[in-house]
Amino acid sequence: MIIVVTGTPGVGKTTVSRLLSKKLGYEYVGVKEFARENGIGEMVGEELEIDVDELAEAMLREFHGQDVVIDGHLSHFVPADVVIVLRANPKLVAERLMERGYSKEKLAENVEAELVDVILVEALEENGNVLEVDTTGKTPDEVVDEIIELIEGGIKRRVGIVDWSGVYDEVLPYLRLEG
Ligand code: DAT
């Protein structure tokens, strides 16, 4: 089974994906590393820009019929059996990305994306089997157990479980408000 774990940078994809792959006995694959190793994408400034169609094709060729957990904020473009969209309070996302030294612009872009469900909407456009999981206030272990329970329970779709409108005021300082 191909499980992809997507979400805004900072929500906990890598932590959860590694643990999930370990608990299930699946292979762990990071999108960025895979792209780099397979010559997919090109450097634009300091960032690797990945063509999602090329990524999807290459990943499917490599992993079709295998048991893998694919980690990355573009992973929902890969045809998968299950798409996990991790969510986290945008304030947590802001704190984590600040710690990572993100620029003000990148921080604002990602906090805003989490606030208004950008990845969830993209994932739903690509795949019907979307399971949304809130990581806020949970340990990675708890998140992974929740994911396994959903998958083993045969749940195909669970979305609309978070609403960040209540924290808008708190994250306002991180957002770009000019033009
Ligand atoms: P991403 O891959 O989405 O950028 P990460 O896994 O690299 O995220 O970083 C997430 C950080 O948050 C990491 O320091 C672990 C921490 N964390 C705390 N609670 C968590 C949880 N329930 N799930 C995932 N990560 C959590």
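Analyst: The largest cavity is lined by Gly 7, Thr 8, Val 85, Leu 86, Arg 87, Ala 113, Glu 114, Asp 117, Val 118, Ile 119 and Leu 120. Please keep in mind that this is a predicted model.

User: What volume does the largest cavity have, and how many cavities of 30 Å³ or more are there?

Analyst: The volume of the largest cavity is about 30 Å³, and the count comes to one cavity of 30 Å³ or more.

User: Which elements each supply at least two residues of that cavity's lining?

Analyst: Those elements are E6, H5 and H6, each of which supplies at least two residues of the lining.

User: Let's take H5, then. How many residues does it have, and how far does it reach?

Analyst: Helix H5 covers residues 104–115, which makes twelve residues, and from its first C-alpha to its last it reaches 16 Å, close to the 16 Å expected at 1.5 Å a residue.

User: Which residues of H5 are buried, and what do they pack against?

Analyst: Buried in H5 are Leu 107, Ala 108, Asn 110, Val 111, Ala 113, Glu 114 and Leu 115.

User: Buried or exposed, the Arg 87 end?

Analyst: Arg 87 is buried, because its relative accessible area is 2%, and Glu 114 is likewise buried, with a relative accessible area of 1%. Salt bridges that share partners also join Arg 87 and Glu 114 with Asp 117 and Glu 132 into one network.

User: Where does Asp 117 sit, and what is its phi?

Analyst: Asp 117 is placed in the loop between H5 and H6, and although Asp 117 is not a glycine, its phi is positive, at about 65°. Asp 117 counts as partly exposed because its relative accessible area is 25%.

User: How many salt bridges are there in the whole structure?

Analyst: A search of the whole structure finds ten salt bridges. One of them pairs Lys 23 with Asp 141, whose closest N and O atoms are 2.6 Å apart. This pair links distant parts of the chain, with Lys 23 in helix H1 (residues 13–24) and Asp 141 in helix H7 (residues 140–152), 118 residues apart.

User: And how accessible are Lys 23 and Asp 141?

Analyst: Lys 23 is partly exposed, with a relative accessible area of 38%, and Asp 141 is partly exposed as well, at 39% relative accessibility.

User: What about Glu 57 and Arg 61, which form a salt bridge too? Where do they lie?

Analyst: Both lie in helix H3 (residues 52–63), four residues apart, which is about one turn of the helix. The closest N and O atoms of Glu 57 and Arg 61 are 3.8 Å apart, and both residues are exposed.

User: What is Leu 20 in contact with, leaving aside its sequence neighbours?

Analyst: Leaving aside neighbours within four places in sequence, Leu 20 is in contact with Ile 3, Val 5, Val 69, Val 144, Ile 147 and Ile 148.

User: Last topic: how much space lies in the largest pocket, and which residues are closest to its centre?

Analyst: About 1200 Å³ of space lies in the largest pocket. Of the 44 residues that line this pocket, Pro 9, Lys 13, Lys 32, His 73 and Tyr 102 are the closest to its centre.

User: Which element gives the largest share of that lining?

Analyst: H1 gives the largest share of the lining of the largest pocket, five residues. Other elements that each supply at least two residues include strand E2 (27–30), helix H2 (31–37) and strand E4 (47–49).

Conventions. Residues numbered from 1 in each chain as written. Predicted model: local features only at pLDDT ≥ 70, side-chain atom pairs only at ≥ 80, totals over all residues. Heavy atoms only, no water. Expected span 1.5 Å × (residues − 1). Buried < 20%, exposed > 50% of the residue type's maximum accessible area, 1.4 Å probe, protein only. Salt bridge = Lys/Arg side-chain N within 4 Å of Asp/Glu carboxyl O. Contact = heavy atoms within 4.5 Å. 1 Å grid on protein atoms, 1.4 Å probe; cavity = no way out; pocket = protein on both sides within 12 Å on 5 of 7 lines; lining within 4 Å. Points joined across faces, edges and corners; volume = space filled by probe spheres on them.
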